[in-house]
Amino acid sequence: MDLSDFQYAVSQTDCLGTDGDVMVPLLGLAGEVGELQNEYKKALRDGDTANPYRARFAEELGDVLWYVANLATKLGFDLDEIAAQNLEKARDRWGRRTGLVEDRPAFDEAYPEHERLPRKLTVVIKPGVTPDGKQVGRAYIDDKPLGDHLTDNAYVGDGYRFHDTFHFAFAAVLGWSPITRWLLNRKRKSRPEVDEVEDGARAKAAEEAISLFVFSHAKEYNWLVGNASVSSEMLRSVRRMANGLEVSLCSSGEWEDAILQGFAAWRLIHNHQGGVLTLDLDSRTITAGATEHGEI
């Protein structure tokens, strides 16, 4: 049955007498969900007798669907459109994991090789101590330092000095990182407007802000240890911060993957006070491991 047809049919059986008030159907929906949970509880309690409950499950699911359609009507929504929007949202978040979304071309695919991010890259993160006793971290490629020594910039040390790991994670998984382009001298200067907008100061500031935001958020959640996903709220905020940049084409699922891979690598680097990051932009992965000297 077409969802719009179902929605219309539901409206013909609406005897709630609420004149458009959504409170009764909202409470009704909550009640039907509770009844569905209660039926499942009975099935669990009674053990291997799930089949007698299947008819009840179907009945309760139908009741839930009736109230959803009733609410949609009273709120002025078309159920077909709501369903389509929900599928699009689910595809954006989970499509990459389930194979529904094909990989898109790299943002710098059409550029000269010297302006492209390397498809494979090995970065060594080394710890250090400043003359005044501050812990620092710094990235190296082939023993050549990238950027400056980084401290935690905090009263209490928390490992933010290794946050370049997130920039490399964005580069590996999203194919986007103005900071990494700057560190590697891979800015797209052949197109001045792209160089200014996508690889310039504002884009770098956005990336730093996103890195600090996810770092601060993860700090409240045990650095995302054991997490297979991140909150939708975090992903919405990150995408809002990247609005207007090429990376806004990346899905929520891509951002989630970049954040989770980035923190897995950062936790290892932080726990062992350094290590080796291996980036593969073709497989869109970043991993952390031991240095040549076996510190990890």
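A residue is called buried here when its relative accessible area is under 20%, exposed when it is over 50%, and partly exposed in between, with a 1.4 Å probe and protein chains only. By that definition N153 is exposed, with a relative accessible area of 69%. This is a predicted model, in which local features need pLDDT of at least 70 and side-chain atom pairs count only at pLDDT 80 or more, while totals for chains, interfaces and linings use all residues. Residues are numbered from 1 along each chain as its sequence is written, and side-chain values use heavy atoms, with hydrogens and water left out.

## Overall form

The chain contains 10 helices and five strands, where helices (H or I, at least four residues) and strands (E, at least two) are DSSP runs numbered from the N terminus. Its radius of gyration, taken over C-alpha atoms, is 25 Å, well over the 19 Å that the globule rule gives for 296 residues, so the chain is more spread out than a compact globule. That rule is 2.2 Å times the number of residues to the power 0.38. Along the principal axes, the C-alpha trace spans about 75 × 50 × 35 Å.

Of the 296 residues, 42% count as buried. With contact meaning heavy atoms within 4.5 Å, residues 24 or more positions apart account for 64% of the contacts that have a separation of 6 or more. The accessible surface, from the Shrake-Rupley method with a 1.4 Å probe and, for residues, only the protein chains shown as cover, comes to about 16,600 Å², and 54% of it belongs to carbon and sulfur atoms.

## Charges and salt bridges

The chain carries 34 positive and 48 negative side chains, and the centres of the two sets lie 5 Å apart. In this count Lys and Arg are positive and Asp and Glu negative, with His and the chain ends not counted, and the place of a charge is taken as NZ of Lys, CZ of Arg, CG of Asp or CD of Glu. Side chains of opposite charge can pair when their charged atoms come close. The structure holds 26 salt bridges, each defined as a side-chain nitrogen of Lys or Arg within 4 Å of a carboxyl oxygen of Asp or Glu. Among them are the following pairs.

| Pair | N to O distance |
|---|---|
| E256 and R93 | 2.6 Å |
| R181 and D108 | 2.8 Å |
| K219 and D158 | 3.1 Å |

The salt bridge between E256 and R93 links distant parts of the chain, since E256 belongs to helix α10 (residues 252-271) and R93 to helix α4 (residues 79-98), 163 residues apart. Both E256 and R93 are buried.

In the pair formed by R181 and D108, R181 lies in helix α6 (residues 178-184) and D108 in the loop between α4 and β1 (120-129), so the bridge ties together parts that are 73 residues apart in sequence. R181 is buried, as is D108.

The pair of K219 and D158 again links distant parts of the chain, with K219 in helix α8 (residues 201-219) and D158 in the loop between β3 (144-150) and α5 (164-174), 61 residues apart. K219 counts as partly exposed at 43% relative accessibility, whereas D158, at 10%, counts as buried. Salt bridges that share partners also join D108, R116, R181, R188, D199 and E246 into one network.

## Selected helix residues

Q7 is placed in helix α1 (residues 3-12) and counts as buried at 8% relative accessibility. Leaving aside neighbours within four places in sequence, Q7 is in contact with A69, A72, T73, F77, D78 and L79.

Helix α3 (residues 51-74) holds Y67, which at 15% relative accessibility counts as buried. Not counting residues up to four places away in sequence, Y67 touches L16, P25, G28, L29 and E32, while the C-alpha atoms of Y67 and E102, 35 residues apart along the chain, are separated by 36 Å. A55 also lies in helix α3, but at 57% relative accessibility A55 counts as exposed. The C-alpha atoms of A55 and D148, 93 residues apart along the chain, are separated by 66 Å.

## Positive phi values in loops

Most residues other than glycine have a negative phi. N153, found in the loop between β3 and α5, has a phi near 50 degrees, a positive value in a residue other than glycine. R284, in the loop between β4 (275-280) and β5 (285-289), has a positive phi near 60 degrees. R284 counts as buried at 7% relative accessibility, whereas N153 is exposed.
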